[in-house]
Amino acid sequence: MTIKSEELAGQVALVTGASRGIGAAIAESLGARGAHVVITARTAGGLEELEDRIHNAGGSATIAPLDLTDGDSIARLASAMSERWQHLDMLVLNAAMLGTLTPVAAIDGKEFNRLLTLNLIAQQAMIANFDPLLRRAANGRLIALTSGVARTPRAYWGAYAASKAALEVLVTSYGAEMRNISNLRAAILDPGGTRTQMRARAYPGEDPQSIKDPDAVGEFVAKLMVDGFDSTDFHALPKVMADA
């Protein structure tokens with residue numbers, strides 16, 4: 001991917017879960033429009049490859065390895081970004097854990113605790129720590145990624161679906177709180193069926209070519225960031241898109 005425009009030039013974006021899949025695609029698409037992208041994930045390997053791709057395309061990025069389950073690490077990153085940029089224009093909450101697909105009565109408590117910590121508690125910690133930076137931006141935007149099972153519960157998906165349903169309520173409430181007191185806007189995106197490792201684990205028998213590439217989601221998010229959106233908006237993408 002090469003630089004397409006300077007529509008987001010001078011703006012700073014933070015994307016979680018950016019080492020691969022949808023997170024990486026979103027980071028590349030934002031970078032292709034001139035944004036400086038701070039990319040986070042637990043390990044640096046995939047982030048380094050992504051950083052190289054963004055730089056080779058003419059964009060700019062900063063690697064920030066981050067364990068979202070460590071609240072102190074989130075606070076340290078927010079402090080470092082505040083010192084360097086003083087504001088944050090875009091925050092994409094993409095990182096998530098699928099967990100084991102199992103009957104509700106058989107959910108392992110320890111795994112469920114880890115899943116809720118990453119998919120929900122860490123997301124609130126991200127909002128709390130980056131709220132001041134988002135409010136300092138001229139038009140702060142936050143997008144959180146969800147799943148269709150959050151609104152249409154399905155057998156064996158109870159743990160993951162519950163975490164995503166709670167995330168939707170959390171982020172939508174935040175968007176409603178911000179609507180009348182700042183220019184900050186928060187919205188939810190259900191990317192729909194997308195060719196990722198998480199999808200392959202959840203649907204091992206599915207033909208990966210029957211669903212869209214992560215780049216289609218990346219382009220959609222970048223367009224949302226350029227065009228803007230209303231607080232509490234909900235967007236959902238189909239499995240197949242014309243430009244996928």
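Biologist: At roughly what angle do the axes of α1 and helix α2 cross, and is α1 roughly parallel or roughly antiparallel to α2?
Modeller: This is a predicted model, in which local features need pLDDT of at least 70 and side-chain atom pairs count only at pLDDT 80 or more, while totals for chains, interfaces and linings use all residues. Residues are numbered from 1 along each chain as its sequence is written, and side-chain values use heavy atoms, with hydrogens and water left out. The axes (lines fitted to C-alpha atoms, for helices over the stretch in contact, with angles from 0 to 180 degrees between N-to-C directions) of α1 and α2, residues 45-56, come within 10 Å and cross at roughly 25°. Because angles under 35 degrees count as roughly parallel, over 145 as roughly antiparallel, 65 to 115 as roughly perpendicular and the rest as oblique, α1 is roughly parallel to α2.

Biologist: Which residues of α1 and α2 make the contact?
Modeller: Contact means heavy atoms within 4.5 Å, and helices are DSSP runs of H or I with at least four residues, whereas strands are runs of E with at least two, numbered from the N terminus. On the side of α2 the contact is made by L50, R53 and I54, and on the side of α1 by A24, A27 and E28.

Biologist: In what order do the seven strands form the open sheet, and which strands stand at the edges?
Modeller: Two strands pair if DSSP finds at least two bridges between them. The pairing is parallel, and the order is β3-β2-β1-β4-β5-β6-β7. Each edge strand has a single partner strand, so one side of each is left without a neighbour in the sheet, and these strands are β3 (60-63) and β7 (234-236).

Biologist: How many residues of strand β6 are buried?
Modeller: Strand β6, residues 185-190, pairs with β7 in the parallel sense over three bridges, and with strand β5, residues 141-145, over five bridges. Buried means under 20% relative accessible area, exposed over 50% and partly exposed in between, with a 1.4 Å probe and protein chains only. Strand β6 is mostly covered, and of its six residues the number buried is five.

Biologist: In β7, which residue is the bridge partner of I188?
Modeller: The pairing of β6 with β7 is parallel. In β7, the bridge partner of I188 is F234.
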